[in-house]
Amino acid sequence: MRHGKKHNHLGRTTSHRKAMLANMASSLITHKRITTTLAKAKALRVYVEPIITKSKNDTTHSRRTVFAYLKDKEVVTELFRDVAAKVANRPGGYTRIIKLNNRLGDNAEMALIELVDYNEVYGKDTAAAEKKTTRRGRSKAKKADAPAAEVKEETAPVAEVKEEVAEEAAPEAPAADDAEEQKA
């Protein structure tokens with residue numbers, strides 16, 4: 001059972017794990033993407049996303065708090081100057097984990113972890129194409145009803161024509177039935 005297990009220990013002591021995650025977070029912020037094992041990538045996401053959130057508020061206290069985690073002055077400067085400006089409007093989810101093929105040596109599951117706003121493949125073109133929508137249905141329903149009413153008015157004469165054609169065809173059908181009855 002996993003009662004009270006809040007994070008993966010990754011088979012390391014606490015000091016080793018903290019140092020490793022600090023180094024990986026520094027590399028991620030510097031290079032914008034790194035390749036590592038899937039377990040380390042998931043642990044790194046939990047470690048680095050609160051740090052990026054803290055970097056949105058550029059105060060001395062937040063800089064000192066982030067420095068306590070990252071332990072690299074240049075990386076902290078880059079985080080607050082470049083990365084924080086890119087993620088200012090994003091409400092979380094700053095990293096993306098993409099699974100890769102297993103490693104040849106030990107068949108470990110590999111993954112690519114990257115900062116979402118620095119990916120060139122999923123560029124600004126797709127983000128600009130999507131229009132921000134609200135989750136309220138009333139305003140859309142009112143707008144949708146107005147054009148639908150206009151369409152119904154246009155299609156009404158077509159329906160009347162179809163009814164007239166059906167009425168004209170209806171008398172012919174009983175005549176055919178009478179002809180069949182006379183033959184029998």
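## Strand S3

Met-110, Leu-112 and Glu-114 point one way from S3, while Ala-111, Ile-113 and Leu-115 point the other way. All are buried, where buried means under 20% relative accessible area, exposed over 50% and partly exposed in between, with a 1.4 Å probe and protein chains only. In a regular strand, side chains alternate between the two faces of the sheet. Because six of the six residues of S3 are buried, S3 is largely enclosed by the rest of the structure.

This is a predicted model, in which local features need pLDDT of at least 70, side-chain atom pairs count only at pLDDT 80 or more, and totals for chains, interfaces and linings use all residues. Residues are numbered from 1 along each chain as its sequence is written, and side-chain values use heavy atoms, with hydrogens and water left out.

## Strand pairing

Helices (H or I, at least four residues) and strands (E, at least two) are DSSP runs numbered from the N terminus. Two strands pair if DSSP finds at least two bridges between them.

S1 (residues 33–37) runs antiparallel to S3 and is joined to it by five bridges; Ile-34 has Ile-113 as its bridge partner in S3. S2 (residues 95–99) is also antiparallel to S3, again with five bridges, and the partner of Ile-98 in S3 is Leu-112.

Beyond its neighbours within four places in sequence, Ile-52 is in contact (heavy atoms within 4.5 Å) with Leu-79, Val-83, Val-87, Tyr-94 and Leu-115.
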